[in-house]
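Dear colleague,

Please find below the structure that I am handing over to you. My notes on what was found in it follow directly after it.

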Amino acid sequence: SSITDGAEPIQLATFARGLAFSREAMINDDLGGINRSIQVAANAAIRAERDLLFGVITTNAVMSDSVALFHATHANLGTGALSPATLGEARTYLRKQVDQSGGYVATNPRYLVVPVALETNAESIIAALSYRTDLAGPETMSPGWQNKLQVIADPRLDASSETTWYLFSDPNTAPVIELAFLNGMKVPVVEQDTDFDRDILRFKI
């Protein structure tokens, strides 16, 4: 037997922001403005990660097989507005996914990713499908797959489309997007340097 695998490339990129403060600014920083500036830059790095992730989704990039990520050829492109019926359609597509050797991946729906315009609708659909009311008793949770779904809403999707939504599997079973870090460094790094000639303290995040 043989093992085959995909050939999607990983592109390494560096994102950085520099800050410089004079000695006078450091001494007069009674309100902690410098620390806040560094924190703002670090938060911007975290936002950049989400920009990259959702950018992969919304651009629907072409894969190594010369077909877009979401495409009828990949059997992962549904139609219609978000509803119980189309959610079921998406689950069917997801369940039937196969790997490079033609074997079923055995994926489990885990994340319903929507623009914020659909967030309330998504939560309402999952609640309606996940809970049932016994006329003689309290509301109970059904054993269905819907109660395992987590809604993720992000305005980056709205900027592309307020109606397009996505159903993703558990990444432990079938990851769709991989965010890699150089040397496993998953948090912003703050480097500090002193310019003695100009009496300036510099930071690079």
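Of the 205 residues of the chain, 24% count as buried. Please bear in mind throughout that this is a predicted model.

Overall form

The chain has a radius of gyration of 23 Å, whereas a compact globule of 205 residues would have one near 17 Å. Taken along the principal axes, the box filled by the C-alpha atoms is roughly 75 × 55 × 30 Å. Five helices and eight strands make up the secondary structure. Read from the N terminus, these elements follow the order β-α-α-α-β-α-β-β-β-α-β-β-β.

Helix α2 has 27 residues. From its first C-alpha to its last it reaches 37 Å, close to the 39 Å expected at 1.5 Å a residue. Its buried residues are Ile 34, Ile 38, Ala 41, Ala 42, Ala 44, Ala 48, Phe 54 and Ile 57. After α2 comes Asn 60, with a positive phi near 50°.

Helix α4 covers residues 119-130, and its end C-alpha atoms are 16 Å apart; this agrees with the span of 16 Å that its twelve residues should have at 1.5 Å a residue. Which residues of α4 are buried? They are Ala 122, Ile 125, Ile 126 and Ser 130. These residues lie on the same side of α4, because they cover an arc of only 120° around the axis. As a general rule, an α-helix has 3.6 residues a turn, so residues three or four places apart point the same way. The exposed residues Thr 120 and Ala 128 are carried by the face of α4 turned away from its buried side.

The second largest pocket

The second largest pocket holds about 480 Å³ of space. Its lining consists of 17 residues, and those nearest its centre are Leu 53, Ile 57, Ile 152, Phe 168 and Ile 177. Ile 57 is also one of the buried residues of α2. Which element gives the most to this lining? It is α2, with five residues. At least two residues each come from α2 (33-59), β2 (109-114) and β6 (166-169). By class, the lining has 13 nonpolar residues, three charged and one polar.

Leu 149 itself sits in the loop between β4 (139-141) and β5 (150-153). Since buried means under 20% relative accessible area, Leu 149 counts as buried at 9% relative accessibility.

The loop between α2 and α3

Ser 66 lies in the loop between α2 and α3 and, although not a glycine, has a positive phi of about 70°. At 62% relative accessibility, Ser 66 counts as exposed. Ala 75 belongs to the loop between α2 and α3 as well; it is not a glycine either, yet its phi is positive, at about 55°. For comparison, most residues other than glycine have a negative phi. Ala 75 counts as partly exposed, at 35% relative accessibility.

Asn 76 is likewise found in the loop between α2 and α3, and at 24% relative accessibility it counts as partly exposed. Between the C-alpha atoms of Asn 76 and Arg 198 there are 58 Å, and these residues are 122 apart along the chain.

With kind regards

Key
Residues are numbered from 1 along each chain as its sequence is written. This is a predicted model: local features need pLDDT of at least 70, side-chain atom pairs count only at pLDDT 80 or more; totals for chains, interfaces and linings use all residues. Side-chain values use heavy atoms; hydrogens and water are left out. Helices (H or I, at least four residues) and strands (E, at least two) are DSSP runs, numbered from the N terminus. The expected span of a helix is 1.5 Å times one less than its number of residues. Buried means under 20% relative accessible area, exposed over 50%, partly exposed in between (1.4 Å probe, protein chains only). The arc is that of the directions from the helix axis to the C-beta atoms. On a 1 Å grid over the protein atoms alone, a cavity is a set of points where a 1.4 Å probe fits but cannot get out, and a pocket is an open set with protein on both sides within 12 Å along at least five of seven lines; lining residues have an atom within 4 Å of a point. Grid points are joined across faces, edges and corners, and a volume is the space filled by probe spheres set on the points. Ala, Val, Leu, Ile, Met, Phe, Trp, Tyr, Cys and Pro count as nonpolar, Asp, Glu, Lys and Arg as charged, and the others, Gly among them, as polar. The radius of gyration is taken over C-alpha atoms; the globule rule is 2.2 Å times the number of residues to the power 0.38.
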